[in-house]
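Please examine the structure shown below before reading the numbered points.

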Amino acid sequence: MKFLVVDDSATMRRIVVNSLQRIGFNETVEAADGVEALQKFDQSICFVITDWNMPNMSGTEFAKALRLREDGKNVPVLMVTARSVRDDILVAMEAGVNNYIVKPFTPAVLKEKIDALLPAAA
Amino acid sequence: MTTNRTQEVLYESEAALRLVDHELNELHDVQEDETQRPVASPPNGVEGLNEIAAVLNRANTQIIAVLARIREGKLAIESTAVGRVKVTQDKLREVTTATEDAAINIMDACDRATTLVDELDSIDAGETVDRVKSAELRGSLRDELFLMMGALQFQDITSQQLAHASSVLDEMEERMFEVAKLFDPSISPELARAEPAVENNSALFDANATMRDSDSRQALADEIFTIVKGQAA
């Protein structure tokens, strides 16, 4: 199962990828912003994990654009972000994000959110 | 220039301008008294004085306008200084704390990892190798190494906090530049202001980014998702 990990911080991308490997997901593709993520997304991607604040295209803009694509409208999207106020969470939901993780996160929370969305990914 | 010193300069400037304003008003009053006396034909000296009074009146009007703009600038700086600078100072203290906490967590994990390696060495040095125990120790060692990596999340959060602090300083610099232009309209933006050290596009950072209370913030996010999804169902 291939994951697309989107974050402008190389540190965070590495942490997410490492966390995914810890829970058994070894296939990952990385992107530094929404534009690159849209370019790299294809039918082989089963799950998207994205940050919010990024240059060129934010995480919410990326999620909206992804939902307009035939191959992206049903893929689970998990947002991992420092934003945690109520209005932000609602904006993310409206953009098509399936669930939300607040930074800093623990591997246990990441696993819990992925497990909850896995049936959709399958 | 510190915020307090800036305020002192503004107060002193305001006091000086008030004194000038007062002197000009007194001069104007003297001129009015003199012009009210009936004279058959004003001598040339009085005409010259009237001209000077007119020039000084115009100067007085302009100074009053400048005074008003200085007051506006002072209020703007005060609102920025008192409000946002304090918040920014708190965020910078938080950056220090987050960095220190992460460093301590990583060092603690290193210590525990070193102990586990020592235990693995002891097992290897024994006559019989307890494979179950060594597998358990290797698992614990991987956990400690993973904890170290997780502690590095502070880098992302603190970079956003610093970007926010930088944007507040840029805003203050801009306001002070506007006040400085009142005293020297020829001042060049390129000379007066340094280039921003970091990209201060607010889309690249969250002004509320923090390492604190992640459990309660995650609980809020979970609650909102549950409620909204329940309403949609």
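1. Helix 2 of chain B contributes eight residues to the lining of the largest pocket, the most of any element. Helices here are DSSP runs (H or I, at least four residues), numbered from the N terminus. The model is predicted: local features need pLDDT of at least 70 and side-chain atom pairs pLDDT 80 or more, whereas totals for chains, interfaces and linings use all residues. Residues are numbered from 1 along each chain as its sequence is written, chains are lettered from A in the order in which they are written, and side-chain values use heavy atoms, without hydrogens and water.

2. The lining of this pocket comprises 27 residues, and Pro104(A), Phe105(A), Gly150(B), Gln153(B) and Met211(B) lie nearest the centre. A pocket is an open set of points on a 1 Å grid over the protein atoms alone, where a 1.4 Å probe fits, with protein on both sides within 12 Å along at least five of seven lines; lining residues have an atom within 4 Å of a point.

3. At the interface, 29 residues of chain B are in contact (heavy atoms within 4.5 Å) with 31 residues of chain A. Phe146(B), Gln153(B) and Phe225(B) supply 27% of the area that chain B buries against chain A; buried area is the accessible area (1.4 Å probe) lost on being put together, summed over both parts.

4. Three salt bridges (a side-chain nitrogen of Lys or Arg within 4 Å of a carboxyl oxygen of Asp or Glu) are found across this interface. One of them joins Lys113(A) and Asp222(B), whose closest N and O atoms are 2.6 Å apart. Helix 6 of chain B gives ten residues to the side that touches chain A, the largest share.

How values were computed: Buried area is the accessible area (1.4 Å probe) that two parts lose on being put together, summed over both. Helices (H or I, at least four residues) and strands (E, at least two) are DSSP runs, numbered from the N terminus.
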